[in-house]
Every structure is written in structure tokens, then in C-alpha cells.
Amino acid sequence: MSTFEEKIEAIKKPNLESQKHTTVVLSSIEDTLKEQNTKAIPTAYFAALLALLKQLGPSTEAAEATEIVVSTVYLLDLVTSHVSAALLRTQFTSIVAPLAPYITSNTQSAPLLRSAIGCLESILVAQDSTAWAHPINQTSPRQALQALLNLTVDGRPKIRKRAQDAVKTILQNAPPGPSLDHPAAEMCASAAQNELKKAVSVVHQNRKQKKNAEDGNDPGIIHALQLTKTVAVASGGWPSKKIESLCEMLLTISRSKNDYLVMSAFEVFEVIFEGMQDEVSSAKLPRLLDALTELKPAQNDAQLLPPWIAILSRGYASAVLEPSMYDEKTLQTVANKTLELLSVKYQTAWMEVFNVLSALLDALRWRGDPYLLPIVQAIGELRGNNGFQGKKEADEVLGHAIRNLGPKVVLNVLPLNLVKPSKGQSGRAWMLPLLRDNVTNTDLQHFKDEMVPLSENMYQRVMDHGQAEKSADIKVFETVVSQVWSCLPGYCDLPIDLQLSVDQKFAELLSNVLYQQHELRADVCRALQNLVISNQAILEADTEDEKLRLEHRTTKDDARKNLAHLSTLAGNLLAVLFNVYSQTLPQSRAYILQCINAYLSVTPEKDLVETFERVATMLESELPKADAPAPKREQNQPTKGKLPPTSHTLLDLIIALSVHLPRQTYAALFKLASSVLTNPAVLKHDPQLIKKAYKLVPRLATSTIGLEALKARSSELQQL
């Protein structure tokens, strides 16, 4: 924001012809200050400009306001916000008196009126609770505010917006006091509701006289709704004592056949709910919800019932955005009322209700257990009904339930029923893709206890079938196995029980799957990688532990301990991953290499060095002798389905290792690279290995010490 001095200097250099008169007035004011030996501070400018305005007096006709009045009030608008609040309070009457004639809809000069509104805004922001207590029937802040409120529904858009912005600023700058609301908030709310009531009445009269009159075409009701939104935004929802009457008015408007009008009324509710999401204003929310509940339409009112449900549901969603502020009884009440909305009589509004259920689940997270479980069960039962048309929307809600409550909680009320189906209940294999897409930040032990046995059971059925032609059932069993393991990456995304669940036995299980079930390798590698990178992300996040605990049930210290635990398993896992990498075709290796990189990042330095030395020795032994002939190519052997030479695989692993190695190993690393790049047989017969060796340079450049080493050996590298 520009300083006072910068604003004054800007006026002295006008860009438009219309601004030159303001420059002249400013110059005369400054000349007066110099003659009086007065320091050019905001208070001095303010006093001089106010004296000039009093001297000029109101124009004989407001429409004929002179240029000097326009310029003077413009300068006052600029100066007033820089004057001390104490002065604006103590001299309120004498300050407002010369401005009052211009703060009226009769003032035809829009620039003059906008400047006068700006002055009044600054003056009213400075008033304290004592000043606001003075009655409206005497010269007081309330009387001045009433003049401002009259302009908030002015027919001129720029005047209307400037007045509404001023009201908003005033209400957002409440003086210190015990009330949640600004002392004038109730007055502004009453004014908005009166304008709304008056506008609706006019529309109804027009409809009676002209049957084709459209509700939304009347500007008065739109202007009144704009003012209502302004007060709602500025008041942190709506003044508590006026909530009931506002709800009734807005619901009446919601019955309109005019879509624009209904949407505008909904927007007012939306800003009210948004304004009640902070810790202070949310105290008004229970009263608003009670008021909305009391206004429940008749069950057969097809026009008003859907919007009422939508508004009430949105309110309940707001009620749990800060669940810590509500006791168990309140949360249980919210859950019970929301469950009622899933009854058949509200079926026409179910899609709206589903959206709200998702919001409730996101707000409460794991704290929704047990309050929201009946809702989850009801949605699951609807989803399992073959005739239900809203499966996609139900899946969305259930996805939010899995993500927030956790798979264990959800499957307790909606079991998969795939191994031993409960009597009279069909299987819920359709939930496996939902688990795959939504499981995160949960108990990994649940996968070990429930999902692994399920996979083993289905896999055994496939094995028992032998080599016979696959039946439809066998294909289903294979699909279930695949879908079960596709859930593992989600279970490994910041699990809250990592140090207990990821043990040697679990690592051996995953190793066996990597070796034996090639089709599951991608999911297992992604899961192993998630264990590392999800905890690294927590350490790198610029987030306080309190927020991490609230959102993810973890802390930076927990993440540090998790990574330390994974480092104890890294050596054995890397050995398995190296072997699997060497057995995999090049086009299918990328995900394995990403997993290898993740575990190299948590491997202790000593183990890294030992691994590097072991792989480097193997690579050197695989390089051809200087005079070795070109390798023989097998006839009719497709290269795409063939594993590359061992030297290529080992060099890939060296490049992966390089960026994690300590500086003292770089001499050996560069020597190894040189032995590849200068080997005559490699240069002559193996251009692919040469290309791989060159990849070492950009790989090292991604780390600070690697980049330093490259710079130190720049001339040597250029020779190579």
C-alpha cells in the first residue's frame, strides 16, 4: 500500500485533465500550511481541508456540485484514513456535519459521492463501543451508517458497490467488546432484511398485476440480496439475533421459479456458512441449524423440499469443519439428522445429500468413528442393490469413508464376504477397487491380517485348479488376487503402525511375491517405495507437529523413526530388488529402479559403500578384454524379449547408487566410469554401454557433492 507521502506526490503529477483541479486545491492547501508554519502531516491536511469544506458550504443544488467541492472531498477521502482514531472519535460531530449534505442519493456527482462514502468509512471504522451506543435519532455513528446503508441499494452500480464495500469494512473492524458481532451488525442486518422484505413485496405486487412478471427481473431484490451477502460476509455469518427471520426470508425466495433468484438465495446461505467456520463465529452455527430445522417444509412440498435439504445439509457439513469444538452429543445429533436424509421420502435430493456426506467424512476424518458408521452402512447397502441408479455417487461417498475412517472400520460394517459369505449376503468384490483408490494413512496390520489371507485363499483355489482350462470362476479368483495386492500401495502410504507392521516376516513375504508372482511386482514395488517417500514428505513438509498429528496422526519425530526402522531392512530389500531388476526386461524396469532409489536414500553409508564396491567389482569382471571380438548374435532371436547383458544391468545399478555415495568413493566411481569409456572392445562393439556410462554425469549433477566433484574433475571428464 502506498504511503501518505506517495499518495500526495501522485496527485501533484496528474495524468488526466480532470485531476488537475485536485492538484490546484492541494497546492493551495499546502501554501496555507506553509504560511501558518504548520508541519505537513495528515492531521494538518485534514484540518485545512475540513475548514475549506465548511467554508464552501453545501451547493445550492446537489446536482451542481462545484469542482472545488469534488476535489476537496476527494482529498479528504485520501487523508482521513491517515488521521488518528482518537481525533475522529472526539470531533465526530464537527467532522461529519460538513460531509453529510453529500452522502445522499440526491448527490448527482458520482465521484463526489464515492469520495464522501470513503471519508465516512474511515470515520466510522475509528469509532469505539461507546460512540456506537448513541441512538440513531441524534448525530451519531448509527445515523451516519444509516445514510451509508441507504446508498447500498442505490441504482448506480459503482455507488452501490462502494457503499457495500464501506459497510463490509466497518463491520469487519469491530471495536473491542464482549459481543461476537460489531455493535452495528444487528442494525445492518435489519436494514438488509427490510430491503429484502420490501423488494419481495414489490415483486409479489407486480405478479398480481402482471401475471408474466418474473421474480428475478426486479433489480430491487437482487440489490437487497447483494447487501445481505455483504453483511453476512462481514459479520462472520449473520448476527445471532437475526438468524431465524433471515432463514425464513431466504427460504421464501428459494421457492421462486426463477433459477437466478434461487441461486442468489443459496449464495447467501453459502457465505453465511463460510463465515461461521472460524472458531469465534462458529458459536452461532447451532442456532442457525435449529432455525433451519424448524422451517422444515411439508413432506409433499416438491418445490421447497430439495432446496431445504441442500441448505440444511450444507449447514451440517459446516458444523463439523472444526469437530474439536463440538461434544459427542452434538456430533451424534448431526449424524442422526444426516442419516434421516437417506430415507426414501428425501430420495429426490439424495445426490445433494451424498455430496454433504462426503464433506462430513472429510471434516471428521477418523473421528467419525462411530458416529458416521450407520450412514456408511446405509450407503453400502444402497450401493449393493442391483436396481440402485446412483452407484457412481455412492462409490464416491464410500471412497471418502475408506480414506477418512480407514478400511478396517468400513469393512467391519460392509464386509467383503468373499471367503465365507454371510448367510443371505452377496459378496462385495466391487469394494476392492474403492479400497485400491482410497486407502491411505491407515493401519498396515489390517492388510496383513485380512487382505493377505484373502489373497492366499483365492490364490490357492487357482493353484488347485491346476493346468486345466480356466473357468469363469478361476478368472474371478485371479482378478481378486490382483485387486487385493493393488490395495497395498495405499496401505503403505504413511501407515500409522509402520514400526510394528513392517518386520522381517513381512519383508520376506513381499520378497517372495516379487520373485514368484511377476504380475504383482509393480504394486509391491510401489508399496515399498511409498513406505519411504511418504515419511520423507512429512520430514520435508513446512508443517507444525500439531497440524501433522491432527491431519495424519503422525509427527516429524515419528517419520524420522520410521525411516530409521526402514534403514535396518534396506540391505536385504535392496539385494532382492537388485536380483529382480536383473531378471526383468528393460521395458518393465522403471518402477523397480524407482523403488531401489527410495531404499538407497535410507541405506546407512557403510552399507552403501559396501554395496557399491561389490557391484563395481562385478561390473569390472563383466567388461570385455581389450582385444575381445564382437559377441556372437544368435540367429532369429528377438532382442525385445531378451535380457540385456549383465554389464548393462550392473552399470544401471552403479548409476542409481552414485548420487547416494559419500565423496570418498568418487575416485573409485570415476575410475570405473573411465574403464568403461576407454575400453577398446566396448567402444567398438557396445555403444549402448557407452551411452549408459555418460548418464553418470547428469545423475551426479542432481546432488550438491556430486556437482562439486564434477567441477573438480572437469578437465578429466572432457578428455574422456
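Leaving aside its neighbours within four places in sequence, which residues is S647 in contact with?

Reply: S647 is in contact with L619, E622, D686 and L689, once neighbours within four places in sequence are set aside; contact means heavy atoms within 4.5 Å. This is a predicted model, in which local features need pLDDT of at least 70 and side-chain atom pairs count only at pLDDT 80 or more, while totals for chains, interfaces and linings use all residues. Residues are numbered from 1 along each chain as its sequence is written, and side-chain values use heavy atoms, with hydrogens and water left out.

S647 belongs to helix 33, residues 646–658. Helices here are DSSP runs of H or I with at least four residues, numbered from the N terminus. With 7% relative accessibility, S647 counts as buried; buried means under 20% relative accessible area, exposed over 50%, and partly exposed in between, using a 1.4 Å probe and protein chains only.

Between helix 33 and helix 34 is a loop that holds P662. P662 is buried too, at a relative accessible area of 7%, and it contacts E605 and V609 when neighbours within four places in sequence are left aside. From P662 to A468 the C-alpha distance is 55 Å, over 194 residues of sequence.

Helix 34 covers residues 666–677 and contains both Y666 and F670, four residues apart, about one turn of the helix. Y666 is buried at 2% relative accessibility, and F670 is buried with a relative accessible area of 4%. Five aromatic pairs are counted, the rule being that ring centres of Phe, Tyr and Trp (its six-membered ring) lie within 6.5 Å, with planes under 30 degrees apart called stacked, over 60 edge-to-face and the rest tilted. The ring centres of Y666 and F670 are 6.3 Å apart and the planes meet at 85 degrees, so this pair is edge-to-face. Elsewhere, F447, W485 and Y491 make up one aromatic cluster.

Y581 sits in helix 30, residues 556–582, and counts as buried at 4% relative accessibility. Not counting residues up to four places away in sequence, Y581 touches R589, I592, L593, I596, T649, D652 and L653. Y581 and A44 are 80 Å apart, C-alpha to C-alpha, and 537 residues apart in sequence.

The loop between helix 29 (545–552) and helix 30 is the place of R553. R553 is not a glycine, yet has a positive phi of about 60 degrees, and at 32% relative accessibility it is partly exposed. The charged end of R553 sits over the ring of W366, 4.5 Å from the centre; the criterion is NZ of Lys or CZ of Arg within 6 Å of the ring centre and within 35 degrees of the ring normal. R461 likewise has its charged end over a ring, that of F477, at 5.1 Å from the centre.

Next comes the loop between helix 18 and helix 19. R365 is placed in this loop and is buried, with a relative accessible area of 18%. Phi of R365 is near 50 degrees, a positive value in a residue other than glycine. P370 is found in the loop between helix 18 and helix 19 (373–383), and a cis peptide bond with omega of about 15 degrees joins D369 to P370.

Definitions and conventions:
Helices (H or I, at least four residues) and strands (E, at least two) are DSSP runs, numbered from the N terminus.
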